[in-house]
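Subject: Handing over the structure

Hello,

Here is the structure I promised to pass on to you. Please open it alongside this message, and then read on for what turned up.

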Amino acid sequence: MALNVHQLHIFYTVAERGSFSAAAQTLHMTQPAVTMQIQALEERYGVKLLQRSAKKLELTDAGRCLLPQARKAIELMRETDDLMARYALLLKGQLKFAASLTIGEYVLPRMLGPFLKRYPDLSVSMRIINTTEILDEIEHHGLAFGLVEGRVDGPGLYVEPVMNDELVLVAPADHPFASRAEVTLDEVLEEPMVLRETGSGTRQVMEEELIRHGASPERLRVVSDFGSTGAVKSAVEAGLGLSFLSVWTLKHEAALGLLKPVRIRGVSFRRQFYAVRQQSADLPLAASALLNYLRGLPDELS
């Protein structure tokens with residue numbers, strides 16, 4: 001059985017962070033998925049790599065032996081990615097992928113210009129569909145990779161963060177919230193809401209954060225949902241309700257004073273954008289070049 005570098009990366013992260021839960025958070029995986037990958041690695045080598053002692057996770061002798069090798073494997077993969085990214089200067093042809101709506105409509109268009117100038121013989125064909133549809137395309141229709149807004153997990157998927165983002169509460173300029181520095185979550189739950197459709201990464205992240213603060217998403221007064229960020233913004237501007245949207249999508253309306261981002265006291269909807277593909281599929285060279293380019297961009301939130 002071929003060596004799984006992804007499993008070594010998970011093992012190394014667990015050892016460095018000192019717990020399965022901390023490693024899961026770092027890797028944007030579920031804790032059971034991390035545990036399953038560690039168990040698979042232990043079965044491969046036929047030894048125990050980690051053990052709990054006095055409520056603390058510790059490396060076994062075998063684990064301490066494997067740790068430096070795992071570090072070398074990770075470093076080698078990064079060096080290989082860098083090498084192939086440099087080789088990608090010779091790239092030609094068409095890069096096909098899919099992106100969820102916020103990324104595809106508002107983020108990538110302004111960033112692809114410099115990327116394509118760097119690779120003048122490369123063209124980009126990007127489909128814009130929601131996160132659920134992207135995962136289905138990867139699983140059933142051979143899509144090489146996609147860029148999504150919400151944290152995802154699934155059998156056989158490889159997911160990695162590539163960019164930062166933040167969702168904010170959005171109000172029309174004449175709403176009472178627009179003149180306030182911040183509002184409470186209880187106040188927000190009393191307001192009518194206009195949201196992105198179920199299955200979108202934006203809605204997933206928003207609902208997960210509400211649950212983390214003890215507020216069930218069912219408490220939201222959802223009056224409408226739309227499959228387009230543009231439609232959501234138009235509805236908010238018309239006074240139909242408030243919404244949660246990415247800061248990337250609001251630059252134009254905020255500059256014109258049409259919509260106002262509003263902070264919620266003690267609540268932060270920071271998130272990351274992710275690249276997702278099948279673990280068993282090779283990432284196209286052009287895709288590696290694009291992801292390396294996105295990782296090197298300045299943090300939008302800094």
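Which residues of α11 are buried? They are Ala-286, Ala-287, Ser-288, Ala-289, Leu-290, Leu-291, Tyr-293 and Leu-294. Here, buried means under 20% relative accessible area, exposed means over 50%, and partly exposed is anything in between, using a 1.4 Å probe and protein chains only. Helices (H or I, at least four residues) and strands (E, at least two) are DSSP runs, numbered from the N terminus.

Before going further, a word on the source. This is a predicted model, in which local features need pLDDT of at least 70 and side-chain atom pairs count only at pLDDT 80 or more, while totals for chains, interfaces and linings use all residues. Residues are numbered from 1 along each chain as its sequence is written, and side-chain values use heavy atoms, with hydrogens and water left out.

With a relative accessible area of 11%, Leu-112 is buried. Leaving aside neighbours within four places in sequence, Leu-112 is in contact (heavy atoms within 4.5 Å) with Val-124 and Leu-290.

**Salt bridges**

Side chains of opposite charge can pair when their charged atoms come close. A search of the whole structure finds 15 salt bridges, each being a side-chain nitrogen of Lys or Arg within 4 Å of a carboxyl oxygen of Asp or Glu. Here are some to look at:

- Arg-127 pairs with Glu-137, with the closest N and O atoms 3.2 Å apart. This pair links distant parts of the chain, with Arg-127 in strand β4 (residues 122–128) and Glu-137 in helix α6 (residues 131–140), 10 residues apart. Arg-127 counts as partly exposed at 40% relative accessibility, whereas Glu-137 counts as buried at 18%.
- Glu-182 and Arg-265 meet through their side chains at 2.8 Å, N to O. This pair also links distant parts of the chain: Glu-182 is in strand β7 (residues 182–183) and Arg-265 is in the loop between β11 (259–264) and β12 (269–278), 83 residues apart. Glu-182 is partly exposed at 33% relative accessibility, and Arg-265 is partly exposed at 48%.
- Arg-180 forms a salt bridge with Glu-187, the closest N and O atoms being 3.0 Å apart. Arg-180 is partly exposed, with a relative accessible area of 31%, and Glu-187 is partly exposed at 27%.

**The network around Glu-149**

Salt bridges also link Glu-149, Asp-165 and Arg-271 in a network. Where is Glu-149 found? Glu-149 lies in the loop between β5 (146–148) and β6 (157–172), and at 1% relative accessibility it counts as buried.

Polar contacts join the side chain of Glu-149 to that of Ser-100 at 2.8 Å and to that of Arg-271 at 3.4 Å. A polar contact is a pair of N or O atoms within 3.5 Å; within protein, one must be able to donate a hydrogen and the other to accept it, and residues adjacent in sequence count only if both atoms are side-chain atoms. Not counting residues up to four places away in sequence, Glu-149 touches several others, including Leu-101, Thr-131, Val-205 and Phe-273.

**Glu-253**

Glu-253 has its place in helix α10 (residues 251–255). Is Glu-253 buried or exposed? Glu-253 is buried, with a relative accessible area of 11%. Its side chain makes a polar contact of 2.9 Å with that of Lys-233. Beyond four places in sequence, Glu-253 touches Lys-233, Leu-258 and Leu-259.
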